[in-house]
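Here is a short report for a first look. Keep the sequence and the model open while reading.

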Amino acid sequence: MELKDKVPPHNLEAEQATLGALLLDWGSLGDVVTYLRSDNFYSQQNQVIYDSLLHLFSQGIRGDMLTLIDDLTKNGKLAEAGGVAYISTLTDTVPTSANVDYYAKIVLDNSTRRNLIKISSDIKSDSFNETKDSRKILEEAEQKIFKLTDVNQSTQVYAMKDVVPKTIQLIDYHYKNKDSVSGIPSGFNQLDSMTSGFQNSEMTIIGARPSMGKTALALSMMQHIAIEKNIPCGFFSLEMSAEQIGQRLLSQVARIPGTKLRSGMLKTEDFKKLQDAAGLCFEAPLYIVDTPNMKLLDLRAMARRMKVNQKVQIIFIDYIGLITSENEAAPVYDQQSAISKSLKSLARELEIPIIVLCQVARTAEGNEPNLAQLRGSGSIEQDADMVIFIHGERQKQKEGEEYNPVQDRKLVVAKQRNGPIGDVPILFISSYTKFENKAREEE
């Protein structure tokens, strides 16, 4: 039999058993609804019945044979659902309601197979369309398949009676653990106090003038996240090579000046520190991509693979101005706007924080940066959930004056959707190109 003549994968007995089990054990719907949607059912009448059960659930009404038939009748969908005769057979065909999760997973598995067949068909059709860019086809295919790998992306219906207890439980957990950081900690205590850490699905912009330490700040944060906290972290370096990033991290962790590492002028005691630092970095779940002028579609595709393969929980991008738009003929403003919106949607799709470095306009030189000075597009300010600027005076060494490697800087939280704005004093250790908490000044 030709593939085109084959009936799409489905299991009507499992669909009926799922619906029948839900009618017998209404409490199990709260679990099933987190991953099963009505369009996962192959049968149209089973889709209509499941939609009605979800409607009852959202209204806080217990579903049984009578309430289901009544709801379908009120909405004029009883005939479409197969009528009273079909509905009354659902509970008769269920061996046991205890296996509802097993039946539902069979329904979901068949739905996934049908979706894969459809995606494959779309890819085949698009591949024959010579007017469509091949990389665009790959991007769309990856996006569709990625959504299939995470069943939790499904539409969910929750009644407040289910939401409130879980929320209280979460508040109670934070109260007992006295941890103000609910997201991924940056390593800067005052900043984490203000922001509660980097939050999932949010895009944070870190802006500064050139050579003010954007990359150094990102690496300082990643050192804390990946090396100290062992949280998988992705880093897109569009300006520096992976080896340069590695050298900077070793300098920060070993506390050996970067100039020593570059020149090879190391002392005997430096090798022990370097060896210890290399051991820590070697084991760290930090993953680097160092492709210059990376296309936006390639970046999105690689980020998805990092999430699936390396299980990264946060991504840094250095920096937004070096990402190449797919539509290079468009004005720069429109390109940057499209890139910004795409990165924000990527954070929501992957459900992880994305930290994006950005330059600010020349008018900010010597002055505290503001949101209007973000370079590229006003869309960056609009799309970002949080904007942090690095501010400080550039150190000018006078003749005969000793150079001070420890410099005062501050982080300016200029925008935060879900928290306060304000300043965070920090220190920049120029010899290690590393930022540290102000409290470490005495050290």
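## Basis

This is a predicted model, in which local features need pLDDT of at least 70 and side-chain atom pairs count only at pLDDT 80 or more, while totals for chains, interfaces and linings use all residues. Residues are numbered from 1 along each chain as its sequence is written, and side-chain values use heavy atoms, leaving out hydrogens and water.

## The chain as a whole

The protein chain has 16 helices and nine strands. These are DSSP runs: H or I over at least four residues for helices, E over at least two for strands, numbered from the N terminus.

The protein chain has 443 residues, and 45% of them are buried. Buried means under 20% relative accessible area, exposed over 50%, and partly exposed in between (1.4 Å probe, protein chains only).

## Contacts and surface

Take contacts (heavy atoms within 4.5 Å) between residues at least 6 apart in sequence: 70% of them join residues at least 24 apart.

The accessible surface is about 23,000 Å². Carbon and sulfur atoms hold 51% of that surface. Areas come from the Shrake-Rupley method with a 1.4 Å probe; for residues, only the protein chains shown count as cover.

## Aromatic pairs

The whole structure holds three aromatic pairs. Rings of Phe, Tyr and Trp (its six-membered ring) pair if their centres lie within 6.5 Å; planes under 30 degrees apart are stacked, over 60 edge-to-face, the rest tilted.

Phe 41 and Tyr 50 form a tilted pair, 5.0 Å centre to centre with 40 degrees between the planes. Both residues, Phe 41 and Tyr 50, are buried.

Tyr 102 and Tyr 103 pair edge-to-face, at 6.4 Å and 70 degrees. Tyr 102 is exposed, at 56% relative accessible area. Tyr 103 is buried, at 8%.
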